[in-house]
Amino acid sequence: MLMQCLPSLSFTFMPYKRLIPHCRDTQQLLSQAQDSNLPPLTRARVRIHLWTCTACTRFSQQLAFMRQAMQRLGKD
Amino acid sequence: MAFDPRQLEILRPQLVRFAALQLRNDALAEDAVSETMLAVLEHPDRFQEQSSFKTYVIGILKHKLLDQLRRGKREVQLSIDEDGDRSDADMMDALFTPAGHALEAAPSWGNPDETLERKEFFDILQLCIDKLPAKTGRIFMMREWLELDTDAICKELDITAANAWVLLHRARTRLKECLQLTWFGAKA
C-alpha cells in the first residue's frame, strides 16, 4: 500500500513520501545527486523508479552528459 | 616568456563573455578580465605549461570572479528575479502531469564523445546557457563552471541547500530542453 504523498518541501525527509518517487521527484533527486550524496534509502528508491521509467533514465544520462560538457567548456 | 602576449589579447573577448555571464554586469566583467590579464602579464613565470595557456588564464579569471562575487554580494541580492522564478515554475509544470509523471521521454542523445568533439555544439551550449534566467544561470555557472560546492554556493548566495538544489534542477532541466530543441532535436 502506497503511503500518502505530502507536498514536497524538502527532499531530505523521506518517511512520509510515497515509497517509490514519481518522475518529478525522481528527476529532482537525480539532479541533487550531482551536488551531494543521496542517503542510501533514497538512492534505492530512485533506482527502483528508474527500472521502469525510460524518461527518467534518459534524464539521468542527460545530466551526466551536461556535466561532461561543462567540464570541457572553455578548455581546449 | 612561455607564452605570446598576443595570445592573451585574442582570448579577451571570450573571457569577457564568460565573466559577463557570471557577473551579469558588463563593467564588472571588464574589470575582472583586465585584472586577470594584468596578473598574467605581471607574473609570466607562473605559467609553467602544466595545462594549456587558455586553461591557466581561465583559472585566474575564476579567482577574480569569486572575488567580485564576494564584493558585490549585497547588490546582487537586492535584485529579485520574479519573472525568472515564475517562468521556471511554469516550465516544470509543463514537463510533468499533475500526478508527477514525465510527459515524454526524450530520444537518446547518442554517443556523448562524438557530440563533444564538435565545436558547433559548444557554441550552442553557450547560447543555451546565455538564455537561462538570471538567477538560475548564475547558480548553474557557480556550480558547473566555477565548480563551487553546495556549501560555498549557499554561503555566497545566502540560501539553503534545498533551495540551491531546486534551482540547480531547474537550470539543468531548462538547459536540457534547450539542447534538445537546438541541437539533438534539430538534426532529423
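User: What makes Ala29(B), Ala32(B), Val33(B), Thr36(B) and Val40(B) of helix 2 of chain B count as buried?

Analyst: This is a predicted model. Ala29(B), Ala32(B), Val33(B), Thr36(B) and Val40(B) are the buried residues of helix 2 of chain B. A residue is called buried if 20 or more other C-beta atoms lie within 10 Å of its own.

User: How do you know that the buried residues line one face of helix 2 of chain B?

Analyst: Look down the axis of helix 2 of chain B: its buried residues fall within an arc of 95°, so they line one face.

User: Why is helix 8 of chain B called roughly perpendicular to helix 10 of chain B?

Analyst: The axes of helix 8 (residues 134-144) and helix 10 (residues 161-184) of chain B cross at roughly 100°. Angles of 65 to 115 degrees count as roughly perpendicular, so helix 8 of chain B is roughly perpendicular to helix 10 of chain B. Their contact includes Phe140(B) of helix 8 and Leu167(B) of helix 10, and its residues divide into six nonpolar, two polar and four charged.

User: What does each chain give to the contact between chain A and chain B?

Analyst: Chain A gives 29 residues and chain B gives 30 residues. On the side of chain A, helix 3 gives the most, with 14 residues.

How values were computed. Residues are numbered from 1 along each chain as its sequence is written. Chains are lettered from A and ligands numbered from 1 in the order in which they are written. This is a predicted model: local features need pLDDT of at least 70, side-chain atom pairs count only at pLDDT 80 or more; totals for chains, interfaces and linings use all residues. Two residues are in contact if their C-beta atoms, placed from the backbone, lie within 7 Å. Helices (H or I, at least four residues) and strands (E, at least two) are DSSP runs, numbered from the N terminus. A residue is buried if 20 or more other C-beta atoms lie within 10 Å of its own, exposed if 12 or fewer, and partly exposed in between; C-beta atoms are placed from the backbone. The arc is that of the directions from the helix axis to the C-beta atoms. Axes are lines fitted to C-alpha atoms, for helices over the stretch in contact, and angles run from 0 to 180 degrees between N-to-C directions. Angles under 35 degrees count as roughly parallel, over 145 as roughly antiparallel, 65 to 115 as roughly perpendicular and the rest as oblique. Ala, Val, Leu, Ile, Met, Phe, Trp, Tyr, Cys and Pro count as nonpolar, Asp, Glu, Lys and Arg as charged, and the others, Gly among them, as polar.
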